[in-house]
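Here is a friendly walk through one protein model. Keep the sequence and the 3D view open as you read.

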Amino acid sequence: MAEGKITSLQARQKIMYQIREGVLKSTLADQMFFSDIYKASGKLQGTAQNLTTDYNLDGQSMTFDLWCSLYKTSPEFKERPPYELLLNKEILERLFAMPEYKMLRKDCMLDELMSAIGTLRLAEEIEQMMSSNTDINQGIKKVTEKLQEANTLHSLGESLMEAIGENGGDDGAWKTPQFIKTLTQLVGQNAADVITEMPGEKAAATLKKMADNLAREFEAELDTLLNQNGFDNQLKEAVQKVSSDVETLGEAIAQVRGWGNETGAEIKLDGETIARSAEYLIDLPSNRRKILEILRLAGRMSHSALPKRKAKVEIPYPEQWDGYEEGNKIERVMPQEYIAFRHPQMKRDFLKRFADKKLLQYRIDPVQYAGNGPVIVCVDESGSMEGQREIWAKAVALALFNIAMKKRRPYALIRFSASTRKPFFAHPKKKIKLDQMLSELERSTGGGTNFEKPLQKAVEIIKSNKTYQKADIVFITDGECPVAPEFLEEFLKLKAKRKVSVLSVLIGNYTSSIEKFSDVVYRTSAEKTEEGIEVLELFLEQTRKAR
């Protein structure tokens, strides 16, 4: 690498929020990912700060350790964690000994979002435990004096070894007045005299051994303190509360775990999105049941509908090609590159160019996507939709959002009643705004029904944004509303010209007006998950035929 050149990893490390490591072993990838979560979560930062300033815990490293303990498959303690983190270590050891914590780990392991939720909730519970137990707080402040002494002794030993190394040997120069004064304050005059008479390396080893002994005393006193004040029972109750919350949310958000993980998809939940979504789900308001039920239902629908379609690498159609470029997208690599791969003398070069993203591949028209066209979903929020109908309709909308992101299809949500709300947009090449999407689905306005306004809004989106050409509109309603002949004529012209399709989902009674602008009308009672699955399958089949 040329001198002065900075790699992408080095650049990423430079801008990474500085996370202090804890008592558990971690990789750079762990630190980088948690860094994104931590800097995006004001709630997590606030809890960490309170644990640091009020309860003698290193709050930031504690939250990092909690996240690692939930996320990693086999969390391990460091052989010699820093003395100042021994309180963190004591809490984690007690957590690992609990069967309830093992069950919590099963729900969070290798799941970034669930681990973030578990970390946020557990850190909050630990903070509440500490604030409600004055005996533990006062006791910790007393025993931490030994910890401070241990830190100082260990630092003296380290500085002594550094001085010997810098001087090329033990010339006694380390016996400065300041060193002797500090040592005397810590261990007393007699012990200080004995240590200063030792050779430098032996003195350093003695100081470190004394530090270790003090740390063990600290751990023993801390262990006794926590046992005498029922800390384990309180911690067990905290874990049970967190487990209950995680279990409640687990099924509801199961569908988002796999977003972007199938072949060809590039969408992933980044640290910022995970932090915002975790905070949103933890702080759900009184109508919590509705959004959780929407999530659960959407998960069942999309998981049942998607596996029935054969997994395949989506090869771009010729009309999607827009020249050539360098990259490493196997489904877009040009045929001659595969010849190089099969040639014994050229295979190594192929693999190198694959790693460097230098293979010759087709460039795709940015407006066209392998998963067909964009998706625009119109959801009726009129008064008659309140209750199970609204939950079912929004579950279908969320399942379509899931499918759109997996298939790299732009998505728009239009909520309407007598008027329309500001549309929600999601693009497969940008961050998934999961918390914003959930917030949109949580809201409802009530009122009357107007079909023209959401359709007109869809028309505006299609006309003003090249990304939404050839859109597939899904129109979900339970209402009857006349559509003016003039508007209907213009809308049908646009459908034909822009190759727009409309799948309408009619809940309840028959209405003739919806047929006038729809290609397909699906009637449903909005009571069964199976009906939602049928809508998704019908949507997928309709878009496949359109291609």
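This is a predicted model: local features need pLDDT of at least 70, side-chain atom pairs count only at pLDDT 80 or more; totals for chains, interfaces and linings use all residues.

Residues are numbered from 1 along each chain as its sequence is written, and side-chain values use heavy atoms, with hydrogens and water left out.

**The whole chain**

The protein chain has 21 helices and 8 strands. Both are DSSP runs numbered from the N terminus: helices are H or I with at least four residues, strands are E with at least two. Out of 547 residues, 50% count as buried. Buried means under 20% relative accessible area, exposed means over 50%, and partly exposed is in between (1.4 Å probe, protein chains only).

Start with helix 11, residues 200-228. Its 29 residues reach 42 Å from first C-alpha to last, close to the expected 42 Å; the expected span is 1.5 Å times one less than the number of residues. Just after helix 11 comes G230, with a positive phi of about 65°.

Now move to helix 19, residues 452-464, where 13 residues reach 18 Å from the first C-alpha to the last, close to the 18 Å expected. Which residues of helix 19 are buried? They are P454, L455, A458, V459, I461 and I462. These sit on the same side of helix 19, because they cover an arc of only 160° around the axis (the arc is that of the directions from the helix axis to the C-beta atoms). On the face of helix 19 turned away from the buried side you'll find the exposed residues K463 and S464. As for what covers the buried residues, it includes strand 3 (375-380), strand 4 (411-416), strand 5 (424-426), strand 6 (472-477) and helix 20 (485-498).

**Charged pairs**

The structure holds 25 salt bridges. A salt bridge here is a side-chain nitrogen of Lys or Arg within 4 Å of a carboxyl oxygen of Asp or Glu. Here are some of them:

| Pair | Closest N and O atoms |
|---|---|
| K236 and E100 | 3.6 Å |
| R121 and E124 | 3.3 Å |
| K394 and E381 | 2.9 Å |

In the K236 and E100 salt bridge, K236 lies in helix 12 (residues 231-252) and E100 in helix 6 (residues 99-108), so the pair ties together parts that are 136 residues apart in sequence. K236 is partly exposed, at 34% relative accessible area.

R121 and E124 are 3 residues apart in helix 7 (residues 112-132), so about one helical turn separates them. R121 counts as buried at 11% relative accessibility, and E124 is buried at 15%. Both belong to a network of salt bridges that links K43, R121, E124, E125 and D245.

For the salt bridge between K394 and E381, K394 is in helix 17 (residues 388-406) and E381 in the loop between strand 3 and helix 17, so the pair ties together parts 13 residues apart in sequence. K394 and E381 are both buried.

R421 is in the loop between strand 4 and strand 5.

T524 is in strand 8 (residues 520-524) and counts as buried at 6% relative accessibility. A 2.8 Å polar contact joins the side chains of T524 and E531.

Finally, Y411 is in strand 4 and is buried, with a relative accessible area of 0%. Leaving aside neighbours within four places in sequence, its contacts include V377, F401, F425 and Y468. Y411 and V377 are 34 residues apart in sequence but 7.8 Å apart in space, C-alpha to C-alpha.

Methods
Contact means heavy atoms within 4.5 Å. A polar contact is a pair of N or O atoms within 3.5 Å; within protein, one must be able to donate a hydrogen and the other to accept it, and residues adjacent in sequence count only if both atoms are side-chain atoms.
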